[in-house]
Amino acid sequence: MATKTELSPTARESKNAQDMQVDEVLIPRKVPSLCSARYGIALVLHFCNFTTIAQNVIMNITMVAMVNSTSPQSQFNGSSEGLPVDSFGDLNKAPESLSAKAPVYDWSPQIQGIIFGAVGYGGILTMAPSGYLAGRVGTKRVVGVSLFATSFLTLCIPLAADFGIVFLIVTRIVQGLSQCSVIGGQFAIWEKWGPPHERSRLCSIALSGMLLGCFSAILIGGFISESLGWPFVFYIFGGIGCVCCLLWFIVIYDDPTSYPWISTSEKEYIISSLKQQVRSSQQPLPIKAVLRSLPIWSICLGCFSHQWLVSTMVVYIPTYISSVYHINIRDNGLLSALPFIVAWVIGIVGGYLADFLLTKNFRLITVRKIATILGNLPASALIVSLPYLNSSYITATALLTLSCALSTLCQSGIYINVLDIAPRHSSFLMGASRGFSSMAPVIVPTVSGFLLSQDPEFGWRNVFFLLFAINLSGLIFYLIFGEADVQDWAKERKLTRL
């Protein structure tokens with residue numbers, strides 16, 4: 001009897017850690033406030049993501065002004081991380097005054113593709129290590145240093161271009177390493193700041209900054225290049241990044257206990273919300289168990305298939321509008337930016353909706369899978385329908401906007417699922433899953449470009465059907481093997497003395 005009595009608390013703790021609904025009943029509810037410390041953290045992360053993605057995308061916009069207007073351009077010249085050069089119309093229509101304000105270069109489409117793709121390799125190399133490092137030394141240091149590095153390198157892009165193509169490519173590679181460290185390292189902060197039933201909205205607020213960054217860079221970058229010269233695009237967005245970096249080091253703390261401006265009630269609320277997920281920093285990651293975990297693989301493959309959808313939209317959809325409807329440079333820029341601003345709103349609303357469903361006693365895995373289905377299936381189906389509904393560019397833009405908006409619902413689904421199944425190791429596993437999915441932006445331009453060059457008549461249909469097949473395959477795998485309970489290998493191991 002003595003042995004049974006001693007073991008029962010451990011058994012009860014294990015049971016409670018697996019049952020999120022029971023946890024939420026025991027945790028006192030607190031009405032979320034945008035003035036609270038945790039939402040302030042999410043807002044700062046929002047601006048960091050805005051800055052990082054904007055610095056990534058602006059190269060694809062400024063390339064129109066950077067290259068010699070007499071150089072031959074390929075209609076399907078795309079990048080692995082941003083918009084294709086020709087997605088904004090005929091480069092021969094670039095203003096003649098640009099050459100007087102800033103230098104121009106005679107880069108072939110192949111060289112431009114290398115410049116675009118250089119930043120993409122960072123995702124594969126640094127996503128997982130940055131997540132692991134953030135879990136060890138803190139998100140504040142990893143993201144802060146990486147944000148400063150990418151902002152400083154953005155300021156150096158015009159100088160690197162003057163030094164030569166090799167210097168520019170190397171700068172872009174290092175910049176990619178820094179940018180992906182910002183993205184991969186930020187998720188560790190929600191281990192200590194995110195109450196389980198608020199993580200959907202907190203992560204959605206933070207990640208939606210990427211969409212706003214795409215919108216701003218696409219819409220504003222061209223106007224700055226035309227009025228001030230393309231170097232000022234890098235100077236302005238690099239300067240914004242430095243200011244955001246200063247804000248980061250002042251405002252961000254790794255945990256609520258060390259945060260100087262948090263109220264006592266909010267601190268107690270966050271700590272009590274996370275009391276079932278107390279983690280030991282000395283417990284190693286069970287590599288073999290992770291590699292054998294089907295829920296982990298379902299998340300990785302699901303993220304990869306969704307990133308294939310997102311990459312196709314970012315890289316090739318503007319080119320599709322330009323080549324099919326022959327839209328001029330200004331109109332195409334506006335049409336290309338419109339889906340991202342709508343997606344920015346829907347992404348935030350989706351996070352609140354997911355948490356609302358949790359308060360209505362929906363199972364956590366049900367909410368994650370609903371968000372993932374809505375973010376994948378309708379979005380890819382709308383893309384596939386484009387070639388069959390090409391009578392008007394207004395119709396195409398409406399479908400693209402709806403597709404892009406729905407795709408952001410995955411932010412409340414598969415992208416934060418690791419926080420549910422392995423909160424103790426989520427910093428590394430979130431980075432690993434994002435790193436795995438970052439292979440898609442590297443592969444998409446190569447495969448899609450090949451399909452477009454092989455079959456000019458039906459190339460777009462082939463690209464979109466391939467997108468749908470990959471997206472559907474990843475979704476089905478996730479629906480079958482995805483889980484939301486804390487996995488056995490992710491629980492804290494305790495020695496019980498009899």
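Buried denotes a relative accessible area under 20%, exposed over 50%, and partly exposed in between (1.4 Å probe, protein chains only). The model is predicted, so that local features require pLDDT of at least 70 and side-chain atom pairs pLDDT 80 or more, whereas totals for chains, interfaces and linings use all residues. Residues are numbered from 1 along each chain as its sequence is written, and side-chain values use heavy atoms, without hydrogens or water.

**View 1. Salt-bridge network of Arg-38, Glu-198 and Glu-266.** A salt bridge is a side-chain nitrogen of Lys or Arg within 4 Å of a carboxyl oxygen of Asp or Glu; the whole structure holds five. Glu-198 pairs with Arg-38, their closest N and O atoms being 2.7 Å apart. Because Glu-198 lies in the loop between helix 9 (190-193) and helix 10 (199-227) and Arg-38 in helix 3 (residues 37-66), this pair ties together parts 160 residues apart in sequence. Helices are DSSP runs (H or I, at least four residues), numbered from the N terminus. Arg-38 also meets Glu-266 in a salt bridge (2.9 Å, N to O). Arg-38 lies in helix 3 and Glu-266 in helix 12 (residues 264-273), so parts 228 residues apart in sequence are tied together. With relative accessibility of 0%, Glu-198 counts as buried; Arg-38, at 0%, is buried, and Glu-266 is buried at 3%.

**View 2. Salt bridge between Arg-201 and Asp-355.** The closest N and O atoms of Arg-201 and Asp-355 are 2.7 Å apart. The pair links distant parts of the chain, with Arg-201 in helix 10 and Asp-355 in helix 15 (residues 329-359), 154 residues apart. Both Arg-201 and Asp-355 are buried.

View 3. Rings of Phe, Tyr and Trp (its six-membered ring) pair if their centres lie within 6.5 Å; planes under 30 degrees apart count as stacked, over 60 as edge-to-face and the rest as tilted. The structure holds 16 aromatic pairs. Tyr-132 and Phe-428 form an edge-to-face pair, because their ring centres are 6.1 Å apart and their planes stand at 90 degrees. Tyr-132 is partly exposed at 41%, and Phe-428 is partly exposed at 23%. Phe-304 and Phe-436 are likewise edge-to-face, because their centres are 6.0 Å apart and their planes are at 65 degrees. Phe-304 is buried at 16%, whereas Phe-436 is partly exposed at 25%.

View 4. Leaving out residues up to four places away in sequence, Phe-436 is in contact (heavy atoms within 4.5 Å) with Trp-297, Cys-300, Leu-301 and Phe-304. The C-alpha atoms of Phe-436 and Met-127 are 8.5 Å apart, although 309 residues separate the two in sequence.

**View 5. Nonpolar surface patch of about 650 Å².** Patches are made of residues with over 30% relative accessible area and no salt bridge; nonpolar side chains (Val, Leu, Ile, Met, Phe, Trp, Tyr) are joined within 5 Å, like charges within 9 Å. Areas come from the Shrake-Rupley method with a 1.4 Å probe, and for residues only the protein chains shown count as cover. The patch is made by Leu-159, Phe-163, Val-166, Phe-167, Val-170, Ile-173 and Val-174. Helix 8 gives the largest share, five residues. Val-166 in helix 8 is exposed at 57%. Thr-171, also placed in helix 8, is buried at 13%.

Definitions and conventions: Helix = DSSP H or I, 4+ residues; strand = E, 2+ residues; numbered from the N terminus.
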